[in-house]
Amino acid sequence: MPAPTALRPTASHPFVNRSVPWFLKTRAGTFKDNVFIAWEPFSGEPATYTYGELAENVQRVAKGLYQLGVRQGDFVVVHLNNCPEFLFTWFALSELGAIAVTTNTRSSLAEMQYFIDHCGAKGVITQPAFYDLVTEAAPDLSWVVSIETDAGEPAELPGAAIPYATLYESDISLPGIDIDALDRNSVQYTSGTTSRPKGVVWTHANALWGAKTMAHSLELQASDVTLVILPLFHTNALCYSMLSTLFSGGTLVLQPKFSASRYWEVVAKHQVTWSSIIPFVMHALKSQPVPESQSIKFWGLGAAEAPTAMRTFGIRTTGWFGMTETVAAPLITEMQYTNIIGSIGVPTPGYEIKVVNDEDEEVAIGESGLIKVRATPGISLFYEYLNNPEATAESFDEEGWFDTGDIVTPLVDGSFLYEQRVKDMLKVGAENVAAAEIERVVLKAGNVREVAVVGKPDKMLDEVPVAFVIANREDPELIDRILDKCRDQLADFKVPREVIIVDSLPRVTLEKIDKKTLRAQLKSK
């Protein structure tokens with residue numbers, strides 16, 4: 001349930017008697033013959049699916065899943081890289097009133113064990129490359145379905161897997177399923193300040209809010225073509241790109257992941273008008289020939305009017321701020337204006353914003369502080385943290401303000417600049433990583449008295465994790481053992497790039513480790 005102090009939806013909220021299946025049905029009716037998915041794999045044949053064909057595929061997959069035993073309220077893990085089947089599955093689970101748990105495909109065995117156990121998954125839908133990982137993580141699953149390709153490339157189907165194609169063979173009729181807008185729809189696990197990721201629950205209304213809000217904020221039209229290179233298991237691609245495009249009636253060009261060498265070719269082929277990117281993408285594209293002209297109107301980068309993007313590529317960038325818990329972006333720059341360089345935007349309609357100091361007093365213009373957001377859980381904010389009412393309650397204050405854990409500075413034009421995470425988090429590429437999660441694993445390596453993980457600046461990824469370790473005794477194999485343990489227990493982007501053995505760690509009040517000093521040491525190297 002939402003936090004006791006949070007706002008509550010009224011009986012006349014914006015999505016009464018509406019759901020994700022209703023949304024897909026209305027879009028397919030309006031844009032039936034328009035192309036929604038243009039699939040551009042790195043190998044194998046490209047494919048297109050109209051809005052009508054998307055709806056037909058979703059119905060057939062839903063029937064197959066129902067025949068497997070998936071029922072309303074069941075949790076099903078979707079462990080797939082970008083592919084059309086990801087979208088067919090996500091919408092099919094919504095059709096059944098089941099909950100899609102989308103997991104990071106770079107997850108380790110231990111992380112998959114945690115995700116599947118924590119949500120109580122009925123089954124998993126995956127691909128050949130991840131089948132062994134999934135079945136080792138959860139040998140007692142009722143079933144595991146695998147698609148027949150890896151990122152579009154034909155792959156050998158594991159012998160014990162249920163082929164995805166068999167889902168299309170069911171000829172049963174689906175029963176009428178009554179889905180309320182505030183029913184759970186999906187879960188994404190996101191790193192928090194605790195040692196375990198939290199399952200962020202979205203309702204059907206959350207998905208509809210995200211679709212409508214982002215489409216309006218980005219001023220998307222049916223003529224727009226969205227290129228998706230970021231993973232669909234994250235909010236950015238799922239909501240900012242996919243759901244907004246579905247709402248607008250546009251086309252979604254889908255690639256397995258980012259490829260610098262293929263980027264401009266795909267942009268030209270489909271006349272892409274916008275794409276959400278991260279700084280790594282912009283840096284990587286500098287190594288490629290820049291076309292003299294191209295169709296992209298803007299990049300969603302998270303920081304407005306980036307000089308490098310305009311100078312090198314002739315593309316303006318949009319600023320925004322959001323997180324899985326906020327569903328859409330509570331701050332976004334205004335498309336029709338020239339914005340302050342680096343701005344993350346102005347408040348989006350439907351969200352209240354305030355920036356406070358350590359005494360919870362609102363800061364003046366030009367002063368930095370913690371950004372808080374107030375909106376309605378289940379509509380414009382996430383519904384709850386799955387199976388964690390304590391964490392849900394702690395995220396809201398007594399007036400219903402959600403603590404984002406981010407520091408921003410309000411500017412004179414009403415926009416904001418992003419400063420940093422106030423909580424102990426790292427930003428590795430597009431991934432949020434909790435230092436505590438890495439520290440928990442390092443301590444398991446043995447002979448570790450104390451550990452502190454901080455971010456080291458990195459040109460391509462913003463920052464990468466580095467572990468400072470105090471050992472109990474001399475141990476020449478400790479660093480290798482720590483790295484092996486991390487590789488075994490954590491996704492690859494969470495593994496420390498360096499392990500530095502030290503005799504002591506800098507301290508502040510109450511003997512708390514001074515991570516600011518450790519970060520400064522890394523910057524000076």
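**Notebook: helices, cores and loops**

I began with helix α13 and noted that the face turned away from its buried side carries the exposed residues Asp480 and Arg487. The model I am reading is a predicted one.

**Entry on α13.** I listed the buried residues of this helix: Leu478, Ile482, Leu483, Cys486 and Gln489. Viewed down the axis of α13, these buried residues fall within an arc of 140°, so they line one face of the helix. I then looked up what covers them. The cover includes α4 (109–119) and α12 (435–443), and also the strands β27 (448–458), β28 (462–471) and β29 (498–501). Helix α13 has twelve residues, 478–489, and at 1.5 Å a residue it should span 16 Å. Its end C-alpha atoms are 16 Å apart, which agrees.

**Entry on α14.** I asked which residues of helix α14 (residues 515–523) are buried. They are Lys515, Leu518 and Leu522. Down the axis of α14 the buried residues fall within an arc of 55°, so they line one face of this helix. The face turned away from the buried side carries Lys516 and Lys523, which are exposed. For the cover of the buried residues of α14 I found α12, β27, β28 and β29 among the elements. I noted that α12, β27, β28 and β29 are also included in the cover of α13.

**Entry on the cores.** The largest nonpolar core has 116 residues. Which of its members touch the most other members? I wrote down Leu65, Phe86, Trp90, Met242, Tyr263 and Trp299. Apart from this core lies another, of 25 residues, including Met112, Ala121, Val144 and Val201.

I followed Trp299 first. Leaving out residues up to four places away in sequence, Trp299 touches Tyr263, Trp264, Ser275, Ile277, Met282, Leu285, Ala309, Phe313, Ile315, Arg316, Thr317 and Thr318. Tyr263, one of these contacts, is also on the list of members that touch the most others.

Next I took Trp90, which is placed in helix α3 (residues 84–95). Its relative accessibility is 0%, so Trp90 counts as buried. Trp90 touches Val20, Ala100, Thr102, Asn185, Ser186, Ala207, Leu238, Met242 and Leu243, again not counting residues up to four places away in sequence. For the pair Trp90 and Ala100 I read a C-alpha to C-alpha distance of 6.1 Å, at a separation of ten residues in sequence.

**Entry on α1 and α7.** Helix α1 covers residues 20–30 and helix α7 covers residues 235–248. I read a packing angle of about 50°, with the axes 9 Å apart. The two helices are therefore oblique to each other. On the α1 side the residues that meet α7 are Phe23, Leu24 and Arg27. On the α7 side they are Leu243, Leu246 and Phe247.

**Entry on Ile125.** This residue lies in strand β5 (residues 123–126). Is Ile125 buried or exposed? Ile125 is buried, at a relative accessible area of 0%. Beyond its neighbours within four places in sequence, Ile125 is in contact with Leu65, Val76, Val77, Val78, His79, Leu80, Thr89, Trp143, Val145 and Tyr164. Ile125 and Val145 are 20 residues apart in sequence, yet 4.7 Å apart in space, C-alpha to C-alpha.

**Entry on backbone and loops.** Most residues other than glycine have a negative phi. I looked up two exceptions. Glu219 has a phi near 55°, a positive value, and it lies in the loop between α6 (204–217) and β12 (225–228). At 39% relative accessibility, Glu219 counts as partly exposed. Asn447 is not a glycine either and has a positive phi of about 65°. I placed Asn447 in the loop between α12 and β27. At 9% relative accessibility Asn447 counts as buried, since the limit is under 20%.

Where is Ser380 found? It is in the loop between β21 (369–374) and β22 (384–385). Ser380 is buried, with a relative accessible area of 4%. I recorded its contacts beyond four places in sequence: Asn206, Trp209, Thr326, Val327, Gly350, Tyr351 and Ala375.

Methods
Residues numbered from 1 in each chain as written. Predicted model: local features only at pLDDT ≥ 70, side-chain atom pairs only at ≥ 80, totals over all residues. Heavy atoms only, no water. Helix = DSSP H or I, 4+ residues; strand = E, 2+ residues; numbered from the N terminus. Expected span 1.5 Å × (residues − 1). Buried < 20%, exposed > 50% of the residue type's maximum accessible area, 1.4 Å probe, protein only. Arc of directions from axis to C-beta. Contact = heavy atoms within 4.5 Å. Core = buried A, V, L, I, M, F, W, Y, C linked by side-chain atoms within 4.5 Å. Axes fitted to C-alpha atoms, helices over the stretch in contact; angles between N-to-C directions. Parallel < 35°, antiparallel > 145°, perpendicular 65-115°, else oblique.
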